[in-house]
Structures are given as structure tokens and as C-alpha cells.
Amino acid sequence: MNTWIGRPALPPTLHGDPADYAPGERQLLEATRRSTAPGWSALVVHLGDRAAPKPHHRRIARSLLDDSAQRHGGQVFALRNGDLVLLCPSASLRAPVATRPAGSSEALPALLARLLRPEGSEPVAPVSVWPLPDSRERLLAYAAERLADGGLTPLDHAVAETELPIALAAAEARLLPDLLHRQTAVLIGGGGGVRIQPLFREITYAEAALQAQPGGEAMEPDPFMVRHFAARLEERVLAALPGEINRHGALDPASGPPLHLNLAPASVTGAAFADLLAALRTHGAAIGVEISLVEAAADPDGFAQARSLLREAAIPLVIDGVSPLALRLTAPAALAADFVKLDWSPRLARLTAAEQRETRLALDAIGADRLILAGADHEEALQWGLLQGFRRFQGRHVDAMLAAGRLAACRHAAGCTLRQCGERALAVAPAGRLGCLAPAMLDGTAPPRGPLQ
Amino acid sequence: MSTAIARRELAPDLARGGSPEEARRLATLIRDCEASGIARHVLLLRLSELPDGRTRPHHFTLAREALLPLTGAARAQLFELPNQDLVVVWRGETAALATSLATIEHLFSDDPAFGTDPMGIAAVLALPDDAELLLQAVEESLRPRQPPPPPRSPGLPLDPATLQALERAIAQADMSRFARREPVCRPWPEGFRLAWERRYLSDTELFDTILPERAPRADPWLFRRLTRTLDRRMLALLSASEELRGVPPFSIDLNIGNLIGPEFLRFDANLPAALRGRVVINLRAEDIVADLATFCFARDFAAARGYRLLLEDMTAEQIALLPPEKLGLDLVQLRYTPIIATAALPASLAPETVILSRADTAGAIAWGRAQGIALFQGRAAQPSSRGAR
């Protein structure tokens, strides 16, 4: 989530002298004009160009620059767009960051470049070093440009902590179906002439519903609160599902491919889950369970008990919430689950050679038959996954493929668009499925099949 | 000298407990080992500490059957103490120990009454080193049983509104009276020496004081969130002038968010030069996994400022999931359990990076030292001098 507020209401003085509302830019411009002596440099930290700057990026960068200025001499300029500039003796940029006896022997530009290395597809280098006076004109132009532009104001405290409980309380009070989405995962390239085979329908919470609450937009940076909210939602889903069996609604476990529930280990070993299993057995319906990597890491004993219970009940267990970074830094294969769900990121297509090796090793440790690529929202994700040996996919691109199949097969589809069909399939609340004259088809284009195989 | 009871028949009334004579025979054996230096292994199963509702005859039968493989070990003797605790003493290494422990764990691991530590009732000890601890257990078994205290209400879990109020209260309360220190020690020929102190706020005492009717840990994620506020208060305490003058090296528990927060920057700015490079930051596994990108940022920043990062309270299973070398961490705190003592240190761990926690017995220390571990935390690892090395 972007933690920057939009262009603020401009102060009345904007139409007067820029010096009144842009002291950093003005001071930088003046200091650059005065800097004619050799042996000085400008270190520019380009935080304003980052696609998703976090408050700690600026805070830590500022602290490192201040520390350097204090130790070696120099001046730090904080600009309105988020950029930071250190004017300092060139030699100080070659000195180790930390004081002895411990700490990094790295120089400040290298450390900042490493800390702020771009993620995803951001093309901008995080730091520049402009030696003076050679780069004086460049620095002057940069400072003038910063002074001229309106800029954005970074928030140093992105999470309005007092608002979070309000958002949660409001979200928890909403009707359950309004808080949920249902997304189908598929097997691609299966035998028997079926190219796309629905595997399961995962029930997730709808982030939009949460973020629509006052303060809800601040949820993302607080993973603990998100986990708390998810746990409350799990309780409600577990309590509701037995009553949904054979009611042919979006949450009916008996009406299509197995439903997959996101649960914490403690929920799997709790009484509500046992009640659900009993009800499912009575009606011959199947489910799967997804436990996030963070829940498994937080409660290893509970996870082992949950895994054992699920094995006994022949319920497939999926580890989800595995980011590309988590795939490289952790060992999800050690959890011995039936499947591991990797979250797609465009970064996967642009890994360094070392990262590619680590990713390949991690994927091989899990095995292609146990991998699911989630968040496959674009064709690029599908192509990357297929090249890596994935056969199981989930994401908006997959949703569109399924919707296209439904439109082709549905005799009521004349007035429907691809987008409408896709959104209706995601909806759990009846209102979200309004307009569909063949709601049973929203559960999947192919005939129902057994649990994920 | 006591009588050997290899593969002794199960008593018909298992919940009744053994006789005082049997306890005295065990005490004699312990003292003999202590006097003569004869080495024996011991498994103490504290059935007297079984949770309420888990003290039916079949629980005792199953627990006792779990010990049967051990009674086949060399010179094995089984003692049943008056308070129903079971003790097996034997000579030499035996694979049966792992079998028995695995059976005990299997018996209780699915039982929520045991909480997160189903093996808390089992202790693997060594004679003569643990003679004092074992004699204490015998003595306790001979005392008349006190009526159990009335069960304390488990309390309601936190909810977001209470959490918010609690965060405000903690932000304003005097926290210095909840500040505690716990030594991390290095074995030395003459005893243990302090390596560093863990400095922390006792959340148990704090919550008992300001929110006795609630169970803050019942909602693990709201509790994690609450620890952020505690972190900030701890950092504020440590940033006070003179607080760190002349103190030994120390460690603090921090959430990742606080390691890159303004309070930490103030703490870092006030850190005396003598402590730079000698402060350890304790991190939790779930906090790291919750946001790996931010963890990597915080790790690199902390390393650049000379802090060492420790992965706190890990089991062997967690280490398999979160290999410390992949995460780029300096130290791992490994939780000692009787189960872990039946195996070698996980191969992915370098012994010099490990702190063995819950080292409450000489057996734990012996196992750790045999694995090459040089840092210990627990009741059996108390410093004989305050000087940190």
C-alpha cells in the first residue's frame, strides 16, 4: 500500500516565494550555488521515485545520513518529494558506515543502495553520488526541479494505530458473505482432453471490504492485525458452513469442486472444525485446508497436530502465503504439506542469476506436483509458471479463462460480459451474483471432481 | 541399595502412587551414585503435574507403558514415587529413551490441556550431576499433598477495543518496576560466566497488575501487536540517561517494526561506545515471516550498526523451516527439551551460534556441551561472577 498522502492542500504562500514552503529545496539550491570547492560530493537518495516507499525507508536513510554528517561533516536536506540529499566531503562516502569495533565496513552509498534496492519492476537506482564541482550543474538542475514541482508529503507514521481497532470492529460486524471471496484454482494440461480442470474453490476474505472501513487502509502494514481479523473470520466461516451444505449457495461445500478454507492450526484442532467434518461426512462433501506460512511458523506444535489430524481425515493441506522471498529464505518443503502455494510476483521473471538458482532449488525441494502458483493475474505469470513446471494455478487470469469457458457453454450468457461473469464467480454474497441466470455454472466450467490430486 | 525392577509388572491401582519405602530406595541410589561418582541416566516423569482432568487411571497406565522400553536398558530400575511420579534409572546410552519420549509426546501432544509444551512433565537427567534436583523430587513426593489452589479463571481474550485501551495504559504507566534481567552464560572451568543479560519487561506481571481479568496471550496476534508497545517502553527505559553506563552487554526482545522505528534510533544514538557491537536483538520467528522484506531491511540496517540478531525460542522443527543461515541471522536460541536431547544438534546449526535455553538441569548442560554449544540460559546456568566475556 502506498503510504503517501496525495498532493496536500497547498498553503497560501505557494503563489509567493517558494522559499516559504520548500525550505529543504531552497537550502539545497543555495548550498549548491555556494559549493565551489573541490573534494565535496552530493549523495542523493531517490526515495521520491519509489513506487511503494515505506516510512522506515526514509527514517533509516535519514538516520544514516545524519550520522555521517555528524561524524564527517556535511549537511542533510530533506525534500518534499521524499528524496534526501547529503552534501559532504567525498572522502566520507568511502569511509565505513559503522564506528569500530563492530558494524558494517561498507561505505554509505553501498549500504543505502543495498538497503533500498528496488523491488519488482522499479527501474530507478536508489542512490546517486554526484562529485562536485564536476556535477554542480546537474545538482543545481535537480534542486531547481525539486523546488519547482509540487511534491508529495511522506508520512512518517503511516499506521494510524488508533484507527485500526475501529476498522476491525466495523469489519467484524458486517455480514459474513460481504467479507468473503471465492476463487477457483485449476489444473492446466490435465489428461483426458481437459485442458483446464477446476480443482478447488478457495474462500478468502475480501481485502476491499476491510479496507473500506475507516482506518482499514492502514491494515496492510500491520500483519498481526490482519491475522487477528482472519482468525475471527475463520470462526464465523466454520460456524456457518455446516448450515450451507446442499443449499446451493456460494458457500455450499457440496455443490462443486472442494472448498478450501484458510485456517490457523488452532482452528483445525478446534471443536468447530470437528463439527464441520462430521457434517461434511454425512453429506459426502469434501474440503481442503490452507494454513499460511506465518501461522505454521508461529505455532509449530499446533501445526504438527493440525497436519496429523488432516492426514487422518484425508483432507489436503496447502501452505499458502509463500512469497518469492519466503521461498528463498525459508524451507516450506520442511512443513511436509500436500501442496505449497507460491504467490506470483513480477519480480520472479526478473531474478538475478543467484536468486534464480535459489528459487529453482526451493521449487525442486517441494516438487512440481506439489506446487500451486497463486496470484496468476496476468499471462506473464502463467507463462513463467508453466516454464517452471507448475500445473496448478489460481488468479485473475485463471478466473478470466474460466469465465470465458462459462460464457461459451452457458445458454443464458447473451447479455453477460467476461468481466461480469468473472466477478460473479468471485462473489460470495448473493448480491454479487445478481444477474446470473445459471449460478450453478459459477462454481466451475468442468464437472465437479474429487479433492485436489 | 534398591532392588532391580526390570520389566516390573504394572500395579493394579496405578493412580494410587508408590510407597515411601520405594522413594527412600531411590534416594539411597541417588546418594550412592553421588558418593561413588557412578554415572546413571534418569528419566523423571512428573505425573503429579498432569493437568486437571488428565489424572484418570488410564492416563497413568498409558504413561507407565510408555516407559516399558526403558526398563529393558542395562541396570534399569523403575521407581514409583508416592505422588505418582515415575522415575527410571539406567546405565549407558539406549535408543529406548527416544522411543519412550516419543510415546509420551504422542500421548499428550494432541491434548490442548498440555498447552504448547506437552513434554513439560518429562525430564531427562544425569547422575551424579543432577543428584540434587532428583533428591528434591523425591523429597517433594514424600510431602503430604496440599489441596490444589482454586483454579484461576482463564480470563477473556483481548479484543481490539481493549487492546487499544491497554496500549494507551502501557504507554503511560511506570514500567521500570516490571523490568527484569536474565543471564546468558558461558561455561568456564570454575563455573559459569555471564556472556550477556537479556533485559525485558515481565509481561506476565504487568498484565496481572493492570488487566487481571484478561488473558492477553489467548489471542496470539493481538498479543504480538501488544508486544510492540512493550518494546517501545523498553527502548525508552534503556535510552534514559545513565541507564546504560557501565552495564554488561545485553540483549533485548524487539519486533521488526520497532527495530527500524524512531524509538530504536534514539536508543542507538544513546548507546555507549563500549556497548557498540555487544548488544543482541532477539527476534521472533513469526515476526520475521510476517514481513520478510521488512525483516531483510531491518537485518541489514542492524548489522550495519553493529547489532547481532538472534532468532528466539526455536525448536528443531522450526529451524528446519527457518534455516538461520538462509535468513542471515547471527545467533539461534534453541529450546532444550527431553526430545531434543535424544538427538544431535540439527546439522544446519553451527554450535557456536547456538544459545541453549531452558537449560534447567545438569543433563541439559551436558547435552549442550557435548554438541559444542557454549552459551546457556536457564536455572542450571547461573553466573558465578558478573564479568561478561
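## Two crossing helices in chain A

Helix 15 of chain A and helix 16 of chain A cross in a right-handed way (the near helix is turned clockwise from the far one by less than a right angle). This is a predicted model, where local features need pLDDT of at least 70, side-chain atom pairs count only at pLDDT 80 or more, and totals for chains, interfaces and linings use all residues. Residues are numbered from 1 along each chain as its sequence is written, while chains are lettered from A and ligands numbered from 1 in the order in which they are written.

Helix 15 (residues 396-409) and helix 16 (residues 418-426) of chain A pack at about 110°, axes 9 Å apart. That makes the pair roughly perpendicular (65 to 115 degrees). Among the residues that meet are A:Leu402 and A:Leu407 from helix 15 and A:Cys421 and A:Ala425 from helix 16, with contact taken as C-beta atoms, placed from the backbone, within 7 Å.

## Where the chains touch

Chain A puts 41 residues into the contact and chain B puts in 42. Helix 7 of chain A gives the most to chain A's side, with 6 residues.

## Helix 11 of chain B

B:Phe295, B:Phe297 and B:Phe301 are among them. Just after the helix, B:Gly306 takes a positive phi of about 90°.

Methods. Buried ≥ 20, exposed ≤ 12 C-beta atoms within 10 Å, placed from the backbone. Helix = DSSP H or I, 4+ residues; strand = E, 2+ residues; numbered from the N terminus. Axes fitted to C-alpha atoms, helices over the stretch in contact; angles between N-to-C directions. Parallel < 35°, antiparallel > 145°, perpendicular 65-115°, else oblique. Contact = placed C-beta atoms within 7 Å.
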